[in-house]
Amino acid sequence: KKGYAKLPDADGGLEAAYMIGKATLELPAAQRDEAEAISWLKKAAGGKFDFTRDMPPFDPDNPYANDTILGQAASLLGQVYLTGVVVPRDVAEAARWYDRAEEVGYVPAGKIVGDIYYYGYGVPKDLAKAEKYYRKAATLGFAPAQYALANMFYFGEAGDRDVKTALAWYEQAAKHNHAGAQLALAEAFDAGDGV
């Protein structure tokens, strides 16, 4: 907290806010102030972000590397609201924070938001929104999103059934060793379905 008081956001202040929030969440329940932890995490997650300067590169071979403090804070807030362990469960709020995490460069968060809409976890099921989130993460090379998007095309959940497009996405995910995509491709070749 002393460091946060002395540091501008861009020079470590946001990181200090994130660490205060995270450390506060990790205190034993009797000592923990959930509201304070959430407040610090929101400060960190809501910091200024210059998309042209601050966007980290995405590495499909190391997809869970979260290079921004804003992304780490936002995805932790998403997890907190999605699980409901520390605060009352609020899936819409979780989706909002995962959306922020994805916005500031944490690509796997987009897949989580896609899943929330695909399955209708605490929000109305919305396949169009799910496809939008899956497609964005898939286009960047995130194999689980590629597989989810392929399934939507294969089963006709992204409009008409499109086996050719589904197989192309399965192939992309399979290149990154996604077991489900590898199995889907093997089954397509075995059945001669689209190949």
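About 160 Å³ of space lies in the second largest pocket. A pocket is an open set of points on a 1 Å grid over the protein atoms alone, where a 1.4 Å probe fits, with protein on both sides within 12 Å along at least five of seven lines; lining residues have an atom within 4 Å of a point. The volume is the space filled by probe spheres set on the points, which are joined across faces, edges and corners. The model is predicted: local features need pLDDT of at least 70, side-chain atom pairs count only at pLDDT 80 or more, and totals for chains, interfaces and linings use all residues. Residues are numbered from 1 along each chain as its sequence is written, and side-chain values use heavy atoms, without hydrogens and water.

The lining of this second largest pocket includes Tyr147, Tyr154, Phe155 and Tyr170. Six of its residues, the largest share, come from α11; helices are DSSP runs (H or I, at least four residues) numbered from the N terminus. Tyr154 also has Arg161 over its face, 4.3 Å from the ring centre (CZ of Arg or NZ of Lys within 6 Å of the centre and within 35 degrees of the ring normal). Lys43 lies likewise over the face of Trp40, at 4.0 Å.

The largest pocket has a volume of about 290 Å³. Asp9, Ala10, Leu14, Lys48 and Leu70 lie nearest its centre, among 14 lining residues.

Technical notes:
Helices (H or I, at least four residues) and strands (E, at least two) are DSSP runs, numbered from the N terminus.
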